[in-house]
Amino acid sequence: MADFQIPELREYPTIPKLEEGATAHLSPFIAKPDHQEALGFPGELVENWEQKAIEEMGDLLNKYRSFRVYMDACVKCGSCTDKCHYFQGTNDPKNMPVARQDLLRSVYRRYFTLPGKYFPKLVGARDLTREVLDEWYSYFHQCSQCRRCSVFCPYGIDTAEISMAAREIMDRIGHGQKYCNEILGKVHKVGNNLGLPAPALESTLESFEEEIFEDTGAKVKLPLDVKGADVLLITPSADFFAEPHIDGLMGYAKVFHAAGVSWTLSSYASEGANFSMFIGSYANLKRAAERIRDAAIELGVKRIIVGECGHAWRVAYSFWNTVAGIGSGGNDPYAKKLQDQLDHSYPIPQHICEFTWGYIQEGKLNLDPSENDWRTLTFHDSCNVARGSGMGGYPGGQFDIPRNVIKAVCNNFVDMDPDTIHEKTFCCGGGGGLLTDDLMEIRVKGALPRMEALKAVVDEHKVTNLAAICAICKSQFTKVLPYYNMPMDMIVSVHQLVSDAIILEPSPDDDDEDDEDSQDD
């Protein structure tokens with residue numbers, strides 16, 4: 001099944017036995033010139049790349065105080081060493097967070113500290129060489145930027161920020177990753193990761209409407225580009241084409257329908273995901289976020305709701321207000337226009353789980369949890385939701401609200417080990433721009449800790465399904481579950497569960513149309 005060794009599930013977590021260079025051979029495909037240039041980066045490795053890389057590092061150090069603090073603050077205490085899922089799954093010491101940081105820190109010390117310039121060997125400083133660049137490219141693409149190590153770091157060093165900085169430096173010298181950069185180019189050109197044009201998207205949504213009608217007899221709409229709708233839904237494009245994402249999208253539609261809320265998708269901004277965060281490019285993050293801002297203004301909506309996507313929610317929650325003025329206004333005339341347009345009695349933005357949970361609390365959704373009685377659920381806290389955002393306006397809301405929704409539509413729910421959920425959650429293994437087949441080995445090995453926690457509740461509580469609210473997590477689990485002898489359809493969307501439990505009554509108009517069709521026959 002695999003051309004690499006799949007880690008064995010352990011009964012208890014252990015400190016891995018070190019295997020130097022175990023994953024040094026892993027690197028993603030290099031971006032082609034057109035992938036680079038579409039994002040404003042050089043098409044290929046520039047001639048004076050060593051000097052350019054140091055200049056770019058200096059630019060980031062001057063721009064972000066946190067970056068310099070992270071480079072200087074580490075005391076090698078070892079708190080982070082066994083907290084990384086990739087280190088757990090690969091045994092490669094360079095996948096210890098501190099060791100991965102040192103790949104960049106050693107170059108920082110050589111060029112930006114006095115001891116490093118004059119006594120490099122004494123302080124672990126080293127010159128930037130092609131060998132070092134190749135090492136950066138390999139190991140900084142063995143980090144999913146999940147930030148779990150940061151939870152345990154006594155100084156709060158954020159390895160994700162360091163990985164983002166390393167990737168941005170490489171992009172700026174013409175040595176970027178194909179997967180992320182190609183996808184971002186499609187977003188800038190077409191509006192979604194798939195490069196799916198408006199007519200194809202419209203046809204896809206119509207097919208979902210037909211499926212819902214066949215299942216429920218209710219005419220549930222999945223509107224596109226409807227001006228004057230109350231809600232603009234921004235969701236990952238995976239919701240348009242892949243299982244179990246599609247079932248989640250149909251779940252959103254059923255909730256909007258049952259709540260009587262008018263909503264729309266946008267063909268111009270049909271993507272919630274923003275891979276710019278993975279490559280550390282705030283210029284491209286801003287550019288992608290502004291598509292959403294412009295779509296909201298054009299459609300005249302009052303609210304913006306984000307679908308089930310982990311990093312999309314983090315970008316919306318943590319970055320939209322500063323990079324695109326969504327929710328903050330400021331001096332930008334477009335942002336101010338949107339600020340005046342949106343209804344501030346609702347969160348800006350709002351997560352779909354917050355929206356659904358609100359209507360469940362108000363008793364406005366007719367739910368039958370017994371429809372999910374054949375399932376026993378557990379829930380995977382996605383990294384960017386757990387450690388990079390919030391919900392509900394109170395601490396821990398991002399943990400409570402998705403679980404509250406699940407418990408409202410399912411009678412059988414159990415959590416995994418407390419050390420593997422909430423802020424301590426393990427990554428799925430495919431986040432941070434690693435969800436590509438050329439990195440399948442690191443994805444499978446990085447999934448080890450989550451698979452162990454899942455297997456424990458499967459054995460003890462007969463769990464049948466794993467729910468998630470992240471598009472990357474769902475796609476990753478679909479791929480890696482079979483490697484660990486669990487079925488790929490074990491992973492489900494939270495709103496797939498809502499979709500199965502919600503009761504929609506056919507409207508009189510639907511019945512009349514059915515009668516007319518029968519008479520015509």
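A salt bridge is taken here as a side-chain nitrogen of Lys or Arg within 4 Å of a carboxyl oxygen of Asp or Glu. The views below are close-ups of a predicted model, in which this rule gives a count of 31 salt bridges.

View 1. Arg293 counts as buried because its relative accessibility is 5%, while Asp332, at 29% relative accessibility, counts as partly exposed. Arg293 also forms a salt bridge with Glu290, for which the closest N and O atoms are 3.8 Å apart. Glu290 and Arg293 both lie in helix H13 (residues 282-299), where they are three residues apart, or about one turn of the helix, and both of these residues are buried.

View 2. Helix H7 (residues 130-139) is largely enclosed by the rest of the structure, because seven of its ten residues are buried. The buried residues of H7 are Val132, Leu133, Glu135, Trp136, Tyr137, Ser138 and Tyr139, and they pack against helix H2 (49-63), helix H5 (97-112), helix H9 (159-172) and helix H10 (178-189). Glu135 forms a salt bridge with Arg126, the closest N and O atoms lying 2.9 Å apart. Glu135 counts as buried at 13% relative accessibility, whereas Arg126 counts as partly exposed at 26% relative accessibility; the two residues are assigned to separate classes because buried means under 20% relative accessible area.

**View 3. The salt-bridge network that includes Glu168.** Lys52, Glu56, Asp59, Lys63, Glu168 and Arg172 are linked in a network of salt bridges. Side chains of opposite charge can pair when their charged atoms come close. When residues up to four places away in sequence are not counted, Glu168 touches Leu60, Ile279, Gly280 and Ser281.

**View 4. A negative surface patch that includes Glu206.** The residues that form this negative surface patch are Glu202, Glu206, Glu210, Glu211, Glu214, Asp215, Asp225 and Glu243. One of them, Glu206, is placed in helix H11 (residues 198-216) and counts as partly exposed, at 40% relative accessibility. Glu206 meets the accessibility condition for a patch because that condition asks for over 30% relative accessible area.

**View 5. A nonpolar surface patch that includes Leu114.** Leu114, Tyr118, Phe119 and Leu122 make a nonpolar surface patch of about 540 Å². Leu114 has its place in helix H6 (residues 114-118) and is exposed, with a relative accessible area of 60%, a class that applies because exposed means over 50%.

Note on methods
Residues are numbered from 1 along each chain as its sequence is written. This is a predicted model: local features need pLDDT of at least 70, side-chain atom pairs count only at pLDDT 80 or more; totals for chains, interfaces and linings use all residues. Side-chain values use heavy atoms; hydrogens and water are left out. Buried means under 20% relative accessible area, exposed over 50%, partly exposed in between (1.4 Å probe, protein chains only). Helices (H or I, at least four residues) and strands (E, at least two) are DSSP runs, numbered from the N terminus. Patches are made of residues with over 30% relative accessible area and no salt bridge: like charges are joined within 9 Å, nonpolar side chains (Val, Leu, Ile, Met, Phe, Trp, Tyr) within 5 Å. Accessible areas come from the Shrake-Rupley method with a 1.4 Å probe; for residues, only the protein chains shown count as cover. Lys and Arg count as positive and Asp and Glu as negative; His and the chain ends are not counted. The place of a charge is taken as NZ of Lys, CZ of Arg, CG of Asp or CD of Glu. Contact means heavy atoms within 4.5 Å.
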